[in-house]
Amino acid sequence: MHSEKLKLVLEQILFSAHIFVLVILLAESRLLIPAWLQMAGRLHPLLLHFPIVVLLLAVVIILFPGLLKNRADQFYYGHFLLLLGSLFTAVTVIAGLFLSLEGGETTATLQNHKWTGLAVFWISSLLYWYYKRLGKLTRVKKILASLIGVLIIVTGHFGASITHGENFITAPFFRTETQLVSLEEADVFDHVIMPILENKCTSCHKASKQKGELRLDGAEYIIKGGESGPAVVAGDLEESLMAHRIMLPEEDEEHMPPEGKPQLSEEEKELITAWISSGGDFEKKVLAYDSEEPIFQLASQKFENVPRAYTFEAASPEKIRSLNSFYRKVLSLGADSPALSVSYFSRQNFEISSLEELFDVAEQVVTLNLNNMPVEDGDLELLSSFPNLEKLYLNFADIRGEGIGHLASLENLRILSLTGNVLDETAVGSLKELKGLNKLYLWNTGLGEDQISSLRESLPQALIETGYTDDGTVYQLNPPTVKFDEAFFRNQAEVEILHSIKSTSIHYTLDGSYPDSSNFILYKEPIVIDSNTVLRARAFADGWTGSAEAGAEFIKAGVRPVSYVLKHPPEDRYKGDLVNSLFDGEKGITDVWSLSWLGFIHTPLEVEMEFAGPQDISSLELSIWSNTGARFFPPKEVEIWTAKEGGSWEMVHQSTPEQPVKGEPNALKRVPITFKADGVEKMRLVARPVGSLPGWHGAAGEKARIMIDEVVIN
């Protein structure tokens with residue numbers, strides 16, 4: 001009796017729910033719901049699990065009546081579960097309709113989810129009300145029950161596509177192969193940045209689901225941005241919301257991707273921020289970037305080679321691990337492949353002798369990436385020791401042509417890339433001997449049309465890519481090389497300025513001014529520098545435009561400690577040569593791979609120094625890297641403490657260095673600290689990083705990092 005009364009009440013509620021749903025559907029374009037109903041609508045993702053479970057149980061009982069031995073139990077439980085399932089579906093549908101009334105773009109996927117959900121509600125209710133009348137029409141019941149089951153799956157598919165990405169459920173069946181391209185063919189956005197966005201971002205920011213009115217599934221949408229502003233502002237990390245959101249702590253509610261979603265790796269964050277900093281170009285190729293730019297150095301690592309079967313033995317894992325370093329990566333081409341790929345990074349730290357360290361694995365090396373390394377013609381003789389070398393990348397090195405002849409002994413060499421090297425006539429003759437080549441890349445090498453045609457005749461099997469058209473373009477010389485031992489010197493520094501093309505003339509200045517045809521000193525012999533100096537140099541030759549400039553800053557460091565200790569270790573990522581980096585006389589460049597930099601963010605830079613004898617000190621300078629986009633800021637506060645023999649520490653200086661303003665360009669800077677202390681035996685430097693970035697910064701409130709390469713004492 002009580003059970004029948006309960007069913008009667010539930011049936012009345014179900015009927016009323018149908019009327020309510022129809023009212024919402026007919027008037028949804030004119031309805032404005034209050035905040036408390038909006039909150040109820042947002043319970044839709046939570047509520048939807050109840051009707052799915054209950055209705056699927058009812059479907060199973062109807063389709064497989066033999067599961068219950070008693071026929072009366074089968075009828076009762078199937079009927080009652082249909083009623084409960086229909087009621088739960090009604091609540092879920094109403095919550096979903098409230099949620100849809102909040103506004104936002106109506107997509108095809110959202111509409112499909114809505115109407116298939118309503119179909120589940122209507123058909124399950126229909127089956128319930130006609131369940132008794134169908135009587136022995138078991139086949140009709142099974143057809144309707146099967147339809148409900150199919151609609152639940154389809155509705156769930158559309159719902160998953162809204163929350164987790166297009167075709168989330170069926171994606172494994174339609175997964176496309178990753179596009180494999182060579183470094184020479186690779187575009188930064190299409191082949192490096194877009195795959196990151198597709199894997200981590202577009203599930204929430206695409207045509208069918210545009211959180212914050214933002215789409216990230218195409219260049220035009222990224223440029224447009226969303227309701228909060230532009231996703232990417234070329235060259236400006238502070239104004240680019242994409243960079244700002246991905247760098248926030250994961251617990252921050254504005255952090256992207258949101259908590260619970262797959263997160264970007266540190267490498268992926270670096271790639272995105274480096275791409276934005278470099279100009280956020282959507283069409284530029286990897287090789288079109290300057291070799292010193294972080295985006296080139298990071299992106300070029302992404303293009304490894306597809307492994308094939310090899311007959312030689314594998315090198316030991318211990319040997320491979322021993323060859324890996326901060327500036328050299330040795331990787332197996334596959335889990336079961338003995339072949340190795342070797343890539344070098346950081347031109348500043350490259351030594352040609354490091355190639356000899358690879359001789360123990362010379363048989364296994366099939367790919368060698370020496371892009372942007374200072375490799376000269378004479379150095380190519382070392383490469384003849386790698387008998388199985390197939391792919392050799394020498395883009396933007398210092399090759400002219402004479403040394404290419406050493407590669408003739410490499411019978412397995414199939415791909416050679418010399419993009420960005422200024423080649424001469426000897427290169428043409430040597431290249432003609434490389435009969436095994438399948439691909440030869442000669443972009444921006446200065447070779448003429450006749451020389452390229454001659455190469456094509458001699459190497460008919462090779463695809464020769466030049467990007468060259470005889471349009472009267474006059475090519476630019478590569479910059480000269482400035483050679484010296486120490487940028488921070490004690491008494492004097494001797495500097496040489498060299499260029500691989502002997503017919504060039506080198507113009508330089510020592511006052512920081514730009515060298516051109518009217519303002520220069522003609523280089524004839526090594527230069528002796530005995531004071532703080534900014535050297536700038538360019539190369540000139542007939543038939544070429546003047547080179548980009550090369551240069552260096554030289555700083556006199558009259559006093560150096562004999563011992564020094566860091567009180568706090570730098571970050572692992574920026575630890576250089578630890579405390580030795582601060583007094584090694586080597587100046588860092590704007591390159592995150594440079595081993596000259598020490599980075600501090602959670603602890604201060606605190607170093608204690610001891611001198612050989614009493615010193616009269618009048619100044620100290622911190623040589624730092626200022627890059628607001630990368631959160632590299634000058635220290636917030638600097639303290640200098642000194643002590644005489646047997647005496648206690650005394651603070652002789654405290655200051656707050658000037659901080660950068662919005663829009664200030666990235667630069668290497670010196671932070672001057674002036675004070676006077678006589679008879680100093682020991683000195684302590686404390687530099688504290690900025691604990692909260694200013695309000696104008698895209699990561700306002702976060703910590704900044706001190707990046708320092710040298711401490712200069714006079």
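Me: Which elements do the buried residues of H16 pack against?
Reply: This is a predicted model. In H16, Gln451, Ile452 and Leu455 are buried. The partners of these buried residues are H15 and strand E9 (463–465).

Me: Why do the buried residues of H16 lie on the same side?
Reply: The residues concerned are Gln451, Ile452 and Leu455. An α-helix has 3.6 residues a turn, so residues three or four places apart point the same way.

Me: Which exposed residues does H16 carry on the face turned away from its buried side?
Reply: The buried side of H16 holds Gln451, Ile452 and Leu455. The face turned away from that side carries the exposed residues Asp450 and Glu457.

Me: Which residues touch the most other members of the largest nonpolar core?
Reply: That core has 46 residues. Several elements give two or more residues to it, among them H15 (425–431) and H16 (449–458). The residues that touch the most other members are Leu370, Leu416 and Leu442.

Me: Which residues does Leu416 touch, not counting residues up to four places away in sequence?
Reply: In soluble globular proteins, nonpolar side chains tend to be buried together. Leu416 belongs to the largest nonpolar core. Leu416 touches Lys439 and Tyr441, and also Leu392, Leu394, Leu407, Leu431, Leu434, Leu437 and Leu440.

Me: Is Glu268 buried or exposed?
Reply: Glu268 sits in helix H12, which spans residues 266–277. Its relative accessibility is 14%. The cut-off for buried is under 20%, so Glu268 counts as buried.

Me: Which side chain makes a polar contact with the side chain of Glu268?
Reply: Glu268 touches Ile196, Lys200 and Gln263, leaving out residues up to four places away in sequence. A polar atom of the Glu268 side chain also lies 2.8 Å from the backbone nitrogen of Ser265. The side-chain polar contact, at 2.9 Å, is with Lys200.

Me: What is the relative accessibility of Lys269, and is this residue buried or exposed?
Reply: Lys269 is in helix H12. Not counting residues up to four places away in sequence, Lys269 touches Ile246, Met247 and Leu264. Lys269 counts as buried, with a relative accessibility of 15%.

Me: How far apart are the C-alpha atoms of Gly280 and Ala234?
Reply: Gly280 is placed in the loop between H12 and helix H13 (294–299). Gly280 counts as buried, at 7% relative accessibility. Along the chain, Gly280 and Ala234 are 46 residues apart. Their C-alpha atoms are separated by 4.8 Å.

Me: Which strands stand at the edges of the open sheet of five strands?
Reply: The order in this mixed sheet is E11-E17-E16-E13-E14. An edge strand here has a single partner strand, so one side of it is left without a neighbour in the sheet. The edge strands are E11 (488–489) and E14 (521–522).

Me: What is the bridge partner of Arg536 in E17?
Reply: Strand E16 covers residues 533–540 and strand E17 covers residues 550–556. E16 and E17 pair in the antiparallel sense over five bridges. In E17, the partner of Arg536 is Gly551.

Terms used:
Residues are numbered from 1 along each chain as its sequence is written. This is a predicted model: local features need pLDDT of at least 70, side-chain atom pairs count only at pLDDT 80 or more; totals for chains, interfaces and linings use all residues. Side-chain values use heavy atoms; hydrogens and water are left out. Helices (H or I, at least four residues) and strands (E, at least two) are DSSP runs, numbered from the N terminus. Buried means under 20% relative accessible area, exposed over 50%, partly exposed in between (1.4 Å probe, protein chains only). A polar contact is a pair of N or O atoms within 3.5 Å; within protein, one must be able to donate a hydrogen and the other to accept it, and residues adjacent in sequence count only if both atoms are side-chain atoms. Contact means heavy atoms within 4.5 Å. Two strands pair if DSSP finds at least two bridges between them. A nonpolar core is a set of buried Ala, Val, Leu, Ile, Met, Phe, Trp, Tyr and Cys residues joined through side-chain atoms within 4.5 Å.
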